[in-house]
Amino acid sequence: MDFLSIFSAALGSAIGPIAAIYALAAIGLNMHFGYTGLLNFGQVGFMLVGAYGVAVSVLTFGLPIWAGFLASIACAIVLALLLGIPTLRLRADYLAICTIGVAEVVRLIYRAPVARDLTGGVYGRQGFADGFDDANPFTDGLDLGIVSFRASDLWVMVWAWGLVGLATLVMWLLMHSPWGRVIKGIREDEEAVRSLGKNVFLYKMQSLVLGGVFGALAGALIGLNQQTVTPDQFMPQVTFYLWAMLLLGGAGRTLGPIIGSMAMWFLLTLFDEILRGLDSIDMLPFFGGPEVGAMRHAIVGLVLVLLIIYRPQGIVGDRKEMLVNVK
Amino acid sequence: MRRRLVTVLLAVVAAILASTAPAVADDQGGVNVNGQIRQPEEVEGIDITVFKGDEEIGKATTDPAGKWDVELPEPGDYRVVLDQKSVPKEFVVDDPPGHELEVKVREGQQRTVVFRLAPPGEQESEASPSESKDDEASPDDEGDAAGGIDSSTPFSSQVVQATIAGIVFGLIIAVSSIGLSLIFGTTKMINFAHGDMVTFGAMMALMFSTSATFGAMSLVPAALLAVILGGLLGLGLERFVWRPLRKRNVALIQMFIVSIGASLLLRHVLLISFGAQRNKYADFRIQELLTLGPVSISPRNLSIALLAIAVLVAVGLMLQFTRIGKAMRAVADNRDLSESSGIDVDRVTLYVWGMGGALAALGGVFYGLYESVHWQMGFHLLLLMFAGVILGGLGTAYGAMAGGVVIGLVATLSTLWFPAQLMVAFALAIMIIVLLVRPQGIMGRRERVG
């Protein structure tokens with residue numbers, strides 16, 4: 001058991017590309033849940049259309065990467081409209097069921113044999129990120145002593161953290177604008193906002209689209225980071241990870257999702273590495289090998305339960321803001 | 001089969017780890033290709049050669065853990081060839097991916113190349129790793145269960161068979177989802193963990209009926225024990241999780257999130273305890289079809305259907321005529337009003353959870369018999385249960401029954417024209433149409449929404 005290497009792996013994952021990507025998707029979820037009070041359990045659906053937006057437009061239609069990003073955003077807007085028009089007028093619980101269902105249906109459609117020409121079916125898409133790699137200005141990796149990153153990671157990190165910064169700025173400006181006050185008003189008391197003559201449905205829809213676009217950008221970055229997308233990366237568990245991160249950091253706070261994502265990845269990697277270390281010296285009594293991965297999901301579930309019970313506002317949240325009621 | 005699934009999962013995990021864990025992979029510098037032969041088991045002594053064009057760059061032999069790696073001079077396109085002569089006789093090289101792969105190695109990359117071995121004769125049995133990892137449970141993947149839908153039979157008899165299969169499947173959904181609907185009615189909470197309570201029942205029955213510790217009892221007593229345990233699980237959840245949370249005035253949205261957390265926890269604890277493979281119950285596996293005119297059905301599916309109908313009727317009678325049943329309907333209809341008219345709402349809620357858990361476990365056993373037992377079976381069924389419950393009207397027991405049967409029928413009939421993978425999509429499409437047109441469902445009462 002080498003504690004220094006375990007710690008450095010955990011630190012590396014907390015500031016690495018994956019944490020940044022999840023932070024971006026969690027910012028979208030924060031727009032939905034933290035500010036508007038929408039129960040979106042299907043954020044992974046937006047990530048999926050985002051990832052395939054880049055992959056399909058580069059591979060199938062031969063477009064450049066930047067056009068792929070535009071396609072991702074367009075796909076997210078279409079998905080948000082399709083999802084929002086039937087469900088946003090309904091109670092929060094219906095929205096929760098519909099979002100989880102729609103995200104799963106999108107995944108099933110993308111992996112279905114009928115879509116194989118476009119999406120590659122279960123095999124997914126590979127080799128669309130060459131243009132992205134060719135533009136990489138980093139030639140060497142970065143070694144900070146404790147943690148080190150490869151050149152390709154650095155390039156993804158620049159984009160991912162850059163987009164996280166941009167999204168955070170956008171969110172901060174929006175939430176301190178009149179628009180943001182209406183959005184928060186919807187979270188607190190939808191009827192009151194409606195009685196003031198605001199079109200609640202329209203505001204909710206704008207929130208759904210904006211948060212969905214952040215999710216799609218995160219999905220596109222996942223594709224570029226891994227050089228490959230398959231539909232089964234986008235299982236509903238991903239959404240629950242995002243929820244755990246958002247609640248850990250603090251919903252309804254600008255920095256909540258970022259802190260949550262970094263803290264979560266730090267803890268998850270720490271936990272994983274310790275379990276693996278124990279496994280390699282045969283110290284685990286009941287399980288080992290592949291079950292370590294399942295253990296991590298179980299821990300995420302436990303974190304969700306305990307957070308809600310004991311600290312619903314998360315690390316930086318405001319407890320009063322989290323007393324959201326069902327609308 | 002079981003080992004193959006596990007190893008395929010391993011390969012996927014290995015591939016993901018290799019592509020996402022920079023700190024682990026990048027400790028040597030330079031470029032190389034590497035891999036590990038561990039499918040179906042770690043094999044030592046397999047020769048792997050790397051070519052660039054026709055020039056041999058390097059050669060490696062797998063070590064006792066099946067690992068190999070070859071250092072490369074520079075990034076570029078390489079051809080990695082596995083020497084089939086060095087493969088032990090028990091295995092052949094699986095295709096895809098085959099024994100020869102073209103790879104592109106980028107700057108600074110530790111490229112992982114996956115070769116797979118398989119026992120002879122099995123290598124082409126699966127279309128793709130991800131399909132076997134997570135194929136959407138489709139009733140017609142086993143001819144006898146669904147009554148033998150295959151393309152050679154005339155279309156009219158396919159329709160008849162699919163209808164039968166759909167009714168059986170729908171009855172399973174109905175049995176499992178009564179609890180979901182009544183729990184919503186009594187507590188206004190959507191129990192996202194309901195699917196995993198279904199899995200719990202199926203897994204418990206599997207454990208009792210196969211494990212030697214329990215004397216490998218036959219399925220019927222095993223199922224009874226599983227149903228009792230499922231009921232206890234429901235009671236326990238209500239008593240020790242939900243009731244304390246309600247007493248703390250935790251808002252409903254937070255309760256949803258807790259139930260999602262509970263479902264993740266329960267699902268993965270089941271995965272860790274019982275593994276990721278698909279299992280079938282030992283009993284009632286292969287049966288002669290009973291044929292009656294155009295209709296043929298296996299005795300197993302017939303008994304599932306008859307038992308499910310009996311259970312549904314019993315639950316219906318209980319809700320209609322007994323004191324506790326009436327109280328359940330009253331609380332589901334209006335919690336405050338029933339509390340003020342002297343009903344012990346907490347006690348009724350506890351019974352609803354117990355009954356819901358037991359019925360979910362029973363549905364799980366049925367579903368396991370109908371298809372197979374798998375750690376994600378409940379989650380797949382959950383989306384169909386939601387569709388059924390919303391179609392019938394959230395909060396009503398009879399609505400859940402009717403909605404479940406309709407959803408099962410539609411989902412199964414859709415496989416006549418469309419790929420079986422999409423059957424969940426059709427069920428959810430119906431749900432969304434219902435939400436647009438009649439949000440309260442077929443049997444729900446209109447209330448002010450939105």
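A:Gln227 is found in the loop between helix 11 (200-226) and strand 4 (228-229) of chain A, where helices (H or I, at least four residues) and strands (E, at least two) are DSSP runs numbered from the N terminus. The model is predicted, so local features need pLDDT of at least 70 and side-chain atom pairs count only at pLDDT 80 or more, while totals for chains, interfaces and linings use all residues. Residues are numbered from 1 along each chain as its sequence is written, and chains are lettered from A and ligands numbered from 1 in the order in which they are written.

The backbone at A:Gln227 deserves a look: its phi is near 65°, a positive value in a residue other than glycine. A:Gln227 is buried, with 20 other C-beta atoms within 10 Å; a residue is buried at 20 or more such neighbours within 10 Å, exposed at 12 or fewer, and partly exposed in between, with C-beta atoms placed from the backbone. In chain B, a positive phi is found at B:Lys188, near 60° and again in a residue other than glycine. B:Lys188 lies in the loop between helix 4 (155-187) and helix 5 (194-210) of chain B and counts as partly exposed, with 16 C-beta neighbours inside 10 Å.

Chain B holds 14 helices and eleven strands, and 48% of its 450 residues are buried. Of its contacts between residues at least 6 apart in sequence, 73% join residues at least 24 apart, a contact being two C-beta atoms, placed from the backbone, within 7 Å.

Four strands of chain B form an open sheet in the order 3-2-5-7, with antiparallel pairing; two strands pair if DSSP finds at least two bridges between them. Strand 3 (55-61) and strand 7 (100-105) of chain B are the edge strands, each pairing on one side only. Strand 5 (residues 76-82) and strand 7 of chain B pair in the antiparallel sense over six bridges, and B:Asp77 has B:Lys104 in strand 7 as its bridge partner.

Turning to annotation, an unreviewed UniProt entry places the feature "transmembrane region" at several spans of chain A, including residues 65-85 and 240-271; such positions are given in the numbering used here, feature names are shortened, and annotations may be inferred rather than shown by experiment. Residues 65-85 of chain A are 100% helix and 0% strand, with end C-alpha atoms 30 Å apart. Residues 240-271 of chain A are 81% helix and 0% strand, and their end C-alpha atoms are 18 Å apart.
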